Amino acid sequence: MGTRLRKLKLVYSKKKLSDGKTIGGKGRLTDSLIDKLAHYYGNAIQCNSTSVKEMRKAIWAVWGHSCSTDDEPMHWFCPTNPNTWCKYNAAINNNLQNYKHKPSVPKAFRDVIKPVFADLFHPALLKKCLGGKTQNPNESLNSLIFGSFVLRRLVLVFRLQRLLQI
Ligand SMILES: [Zn+2]
């Protein structure tokens with residue numbers, strides 16, 4: 001995710017986006033925002049390592065949450081439980097009038113970075129990150145290698161690191 005977004009930033013460095021500004025600079029696609037999105041993406045996979053469907057939902061939540069504004073809240077897939085990380089959903093049960101979105105991903109490059117999310121949202125890719133995948137008992141070597149929970153977690157972290165390099 002991080003590498004893909006950095007490449008995209010390079011490709012668009014001289015081009016003007018729909019709002020007449022370039023992709024980089026203050027309040028735009030900064031390295032800090034790229035790191036943040038890559039981190040959230042990694043968390044979305046790691047915290048849902050037993051279900052591709054839940055991974056996809058969590059990745060879409062990262063997208064919608066990061067692009068949300070006061071005029072256009074997009075928290076459809078953010079968790080709604082009492083301990084949710086989504087302050088907007090938490091505020092719904094509390095005091096939404098006082099909630100103000102922090103500056104998010106500007107609208108002009110939402111569509112520019114969306115294909116990166118779409119590529120890394122593909123079920124075939126996410127299936128490789130399934131940590132709780134049940135092994136075929138006939139595959140004794142695999143059962144032996146991947147049998148322990150700790151090893152499965154290590155494999156997941158390794159796959160996740162590779163995925164974040166894409
Ligand atoms: Zn949210």
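User: Is Gly131 buried, exposed or partly exposed, and how many other C-beta atoms lie within 10 Å?

Analyst: The general idea is to count neighbours: with C-beta atoms placed from the backbone, 20 or more others within 10 Å means buried, 12 or fewer means exposed, and in between is partly exposed. Gly131 has 19 within 10 Å, so it's partly exposed. Bear in mind that this is a predicted model, where local features need pLDDT of at least 70, side-chain atom pairs need 80 or more, and totals for chains, interfaces and linings use all residues. Numbering starts from 1 along each chain as its sequence is written.

User: Where is Gly131 placed?

Analyst: Helices here are DSSP runs (H or I, at least four residues), numbered from the N terminus. Gly131 is in the loop between α6 (123-127) and α7 (140-146). Gln46 is 85 residues away in sequence, yet 8.4 Å away in space, C-alpha to C-alpha.

User: At what angle do α1 and α2 pack?

Analyst: Axes are lines fitted to C-alpha atoms over the stretch in contact, with angles from 0 to 180 degrees between N-to-C directions. For α1 and α2 (residues 31-46), the angle is about 150° and the axes are 9 Å apart. That makes the two roughly antiparallel, a label for angles over 145 degrees.

User: Which residues of α1 and α2 meet?

Analyst: Contact means C-beta atoms, placed from the backbone, within 7 Å. Gly2, Leu5 and Arg6 of α1 meet Ile34, Asp35, Leu37 and Ala38 of α2.

User: Which residues make the contact of α1 with α5?

Analyst: Arg4, Leu5 and Leu8 of α1, with Val112, Ile113 and Val116 of α5. Those axes come within 10 Å and cross at roughly 145°.

How values were computed
Contact = placed C-beta atoms within 7 Å. Parallel < 35°, antiparallel > 145°, perpendicular 65-115°, else oblique.
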